[in-house]
Amino acid sequence: MDILRFITAGSVDDGKSTLIGRLLYDSKSILQDQLEVLEKHSKNKNDDGVDLALLTDGLRAEREQGITIDVAYRYFSTSKRKFIIADAPGHVQYTRNMITGASNSDLMVILIDARQGIIEQTRRHSIIASLLKLKKVAVAINKMDMVDYSQEVFETIKADYAKIAESLGLNEVSYFPISALKGDNIVSESTQTDWYQGPSLLEYLEQVTLNEELNTGSRFQVQYVIRPQTEELHDYRGYAGQILSGKFKKGDKIHILPAGITTEIAKIEINGIEKEEAFEGQPAVIHVTDDVDISRGDIFATEEQLPVVEKDLEVLLCWLDQKSLQPGNKYLLQQNSKLVRAVVKEIDYKIDVNTLTQEKAEGDIKLNEVVKVTIRTAQPLVYDSFINNKRTGSAILVDETSNSTVAACIIQ
């Protein structure tokens, strides 16, 4: 049974937490003791006698304020598929959490309040879906019960969003008229929307096919150099890390980058057991035939489809810090286990979240703005473009003084 990872995105009070609660509740994925706690703490009860949003708003501060602060992950399954849901905050100041959840998702469910239609957060979340190359988007037009299940309202919002989707290259968008509170078109089809002929949201999630796009090339990044200080293992030298993409086999000729050294794989260990090969996603310890200088953050790549090794990068980034971004600012750039000093050389343009067009970046770049910049690193960085390899084509910028993440980066 395969797993679908999806994220819910929307503005404050669009009903994201209630939608997830409804999916869990109506699919019978809540344990009895969870249900008893839910009933005890519910203040804003629905027709079922519970506040479904409490299933995901697990932090005390979230319950007290009635908002989602952090990304909450929930797991459930049906007879057809397993699901991992990321419930992301709707507030603008928590956009970084939204990006974190979306970067690990196969699909985004964007909620729109039927009474308000498309707003700035709708556009911002759609831009993030486009930047992160999420191929499929489900637009759930929520609170249809509050507009008398009007087909006209649904069709108007659908037409408005279709224009946004076209401008961002989101070609696989599905639309659902729902009420998370009442349960309309969530798990089963609603009698209130006899004009809607499509599947329920859960039926869609169960049936949607995902385009399996393999990351380009075979990539392994060193996280730790293992040199046991024991007499019997004095010759042991292994390089521990994760297979970021592709696969590696014993005997493969590889390039150690950025140094450009070529060598051969002598041995592969997984969980202390010697293996002939290791695949994408597996942690492994790789041994090489030559005694060469290899450090944390170095990339192993097979000879076909070598990555780029450069100091200058063209990057799309979402700015996540209260302090503004200016050309010349210096940061740390982290790409998985590789950490290098970097400077933002110039800001090429920014994306207007209202018109979804590129415009000249005048003045400082502020919180949540999406911009294209040129970054120079102190040492050469090994990377692929994000569209070819998400694992080596993404990074973050970190403030050296506060150690906080200030930008999510997509390498062009």
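This is a guided tour of a predicted model, one selection at a time.

**The whole chain**

Start with everything shown as cartoon. The chain carries seven helices and 22 strands. Of its 412 residues, 53% are buried. Among contacts between residues at least 6 apart in sequence, 68% join residues at least 24 apart.

Colour by pLDDT next. The chain mean is 85, and 84% of the residues reach 70 or more. Then select residues 58–69. Here pLDDT stays under 50. The model still gives this stretch 22 contacts beyond four places in sequence. Read that segment with its pLDDT in mind.

**The largest core**

Select Phe6, Met108 and Tyr161 and show their side chains. These residues have the most contacts inside the largest nonpolar core, which has 69 residues.

**Tyr161 and its surroundings**

Go back to Tyr161 and show what it touches. Leave out neighbours within four places in sequence. The contacts are then Ile110, Ile112, Ile118, Thr122, Ser126, Val137, Val139, Leu170, Val173 and Tyr175.

Pick Thr122 from that set. Thr122 sits in helix H5, residues 120–131. Is Thr122 buried or exposed? Its relative accessible area is 4%, under the 20% cut-off, so Thr122 is buried. Beyond four places in sequence, Thr122 touches Ile110, Ile112 and Tyr161. Ile110 and Ile112 are also on the contact list of Tyr161.

**Helix H5**

Why call H5 largely enclosed by the rest of the structure? Because 10 of its 12 residues are buried. They are Gln121, Thr122, Arg124, His125, Ser126, Ile127, Ile128, Ala129, Ser130 and Leu131. An α-helix has 3.6 residues a turn, so residues three or four places apart point the same way. Step past the end of H5 to Lys133. Its phi is positive, near 60 degrees.

**Helix H1**

Jump to residues 16–26, helix H1. Nine of its 11 residues are buried, so H1 too is largely enclosed by the rest of the structure. Select the buried set: Lys16, Ser17, Thr18, Leu19, Ile20, Gly21, Arg22, Leu23 and Leu24. Just after H1 comes Lys28, with a positive phi of about 60 degrees.

Most residues other than glycine have a negative phi, and most peptide bonds are trans. The next stops depart from that pattern.

Select Asp148 and Tyr149. Asp148 is in the loop between strand S5 (136–142) and helix H6 (151–168). Tyr149 is in the loop between S5 and H6 as well. Asp148 has a positive phi of about 55 degrees. The phi of Tyr149 is also positive, near 50 degrees.

Tyr149 is buried, with a relative accessible area of 14%.

**A cis peptide bond**

Move to Pro258, in the loop between strand S10 (253–257) and strand S11 (261–270). The bond from Leu257 to Pro258 is cis, with omega near 20 degrees.

Select S17 (residues 330–335) and S21 (residues 394–398). They run antiparallel and are joined by three bridges. Show Leu332 and Val398, which are bridge partners.

Val398 stands opposite Thr405 in S22. Which residue in the hairpin turn has a positive phi? Select the six residues between S21 and S22 and find Asn403, whose phi is about 65 degrees.

Key
Residues are numbered from 1 along each chain as its sequence is written. This is a predicted model: local features need pLDDT of at least 70, side-chain atom pairs count only at pLDDT 80 or more; totals for chains, interfaces and linings use all residues. Side-chain values use heavy atoms; hydrogens and water are left out. A nonpolar core is a set of buried Ala, Val, Leu, Ile, Met, Phe, Trp, Tyr and Cys residues joined through side-chain atoms within 4.5 Å. Buried means under 20% relative accessible area, exposed over 50%, partly exposed in between (1.4 Å probe, protein chains only). Contact means heavy atoms within 4.5 Å. pLDDT is the predictor's confidence in each residue, from 0 to 100. Helices (H or I, at least four residues) and strands (E, at least two) are DSSP runs, numbered from the N terminus. Two strands pair if DSSP finds at least two bridges between them.
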